[in-house]
Structures are given as C-alpha cells and as structure tokens.
Amino acid sequence: MSINLKALTPNKVSTDFSSYSMLIYGTPKIGKSTFVNDLYGDKILQVFTEKRYKALEGAYVQYVSSWSEYLQVMKQLKDKELKEKFTAVSIDTVENLFHMLEKYVAAKYSENEIGERNDIYGKDWGELKSQWADGLSLIEKNGYVPVFVSHAIQVTTQIPKSAILPNQADGVQMNAVKKDGVEYMEFQKFTPDGKDRMMGPIRKMADNILFMNVTTDENGNEHRVI
C-alpha cells in the first residue's frame, strides 16, 4: 500500500448502525439471533454453532460443528463473489465455538482437556490463545463486519462502598457485606457467558456491546429491551 498523507480527508462517522461490529448477549430465547437477522437482513452470513435457526425466515445460515469447519468458512469468505453478497458475519454463539477450539487444540496435543500435560510447558494454552484471537480476526481481515452472539449469565459482583459515586446505585438492589474489615456493596449483574480468556479478543473487536433483556410495562406486558 502506498501512503499519501496529502490525500487524507476528514473521517466521517457512519450513521448506519449495521456498519458497526458488535457483541450481543442476553438470556436464552430472548431474540438475539432474530435481532441480528432483522438488523442486517440478507447481507449477513450467520455462522451457527447449534441447530437452532429454523425460525429465522430468509436468513443465510451455515452450521459448523468443529473448529476445522469454522476455518473452512473463513477460507471460503475470501471469495470475491461472497464479499459482494455479504457485508457482515455473525458467530452464534461464541462460547460454543470457543469450546470447539478447546477440543481442537487438546486433540493436537493428545489431551482430553487443555492443561492435562505438564511436559509441554503451556504450549497448549498458548496455542488456544493465539488461535482464538487469530481465528476471530479473520472476519475483519476478509473484509466483513464481525457480530458476536453470546448467552448471558448472572453473577455476583462486589464494589467497595467508598468507590460508589453519588446516585450511582440508584435503582440497583445492593446488599452491604464486610470482608477483611472493608465494607462492600454486593449486587447481581448479567455478563456474557464466558471467561476473559474467551471474551477478551471479542470485547476488543466490538464497536458496540449490547445487552438484551425483558422488562414489564405498567400493564404487565413484556417487552424486549436493549
């Protein structure tokens, strides 16, 4: 690539929400996949890691059951015709794909689970980390907008009481607990279903992180909210 700084023009912010990469997480059956399909329409290839897409009318879906099959999809997406057909690629769900990679790497080192062998000095963990980051980055490298879909789990979080700003806890149910002489405020929150080892590269790639939940209005009717 030839660089010409004199030809630079001011960057323009896109108002097309579907042009941004994102991580979407929420409770099962809340409509995450449907939201992705409605947002991107027929311009997104949805790579599913489980066979739960029968209700997605008109969606372009490719099911994968292994990390090797995922890499096959990434290789084919280099094709010019596919680049004209699709602008985005979603992985639904990312935690299943990560587990496929764990099995792939473990098998390579003759393990049932990563970390079993002590004689390889962590090479299996290192390969898991590098293959995960490199494998996900193939979406952008091939010229597509990456979209990641994950289930949500509820976890307990503690924050030192002294670190909470005025009005920060409004509307949040918290319980006071003491640990080692320090007072904490404890509360429940939703988070993507995956450890930092899995979610770290995804958070770095996502322009927007969206949490989907259900709320109830004054008439008792349920609504999906983001």
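A residue is called buried when its relative accessible area is under 20%, exposed when the value is over 50%, and partly exposed in between (1.4 Å probe, protein chains only). The structure described here is a predicted model, in which local features need pLDDT of at least 70, side-chain atom pairs count only at pLDDT 80 or more, and totals for chains, interfaces and linings use all residues. Residues are numbered from 1 along each chain as its sequence is written, and side-chain values use heavy atoms, with hydrogens and water left out.

Contact (heavy atoms within 4.5 Å) links Ser 33 to Gln 46, Phe 48, Leu 56 and Asp 92, leaving aside neighbours within four places in sequence.

Next comes the nonpolar core, meaning a set of buried Ala, Val, Leu, Ile, Met, Phe, Trp, Tyr and Cys residues joined through side-chain atoms within 4.5 Å. The largest such core has 33 residues, and Val 89, Ile 91, Trp 132 and Phe 148 touch the most other members. Beyond residues up to four places away in sequence, Ile 91 touches Val 47, Tyr 70, Leu 97, Ile 139, Val 147, Phe 148 and Val 149. A second, separate core holds 13 residues, including Ile 24, Ile 44, Val 149 and Met 212.
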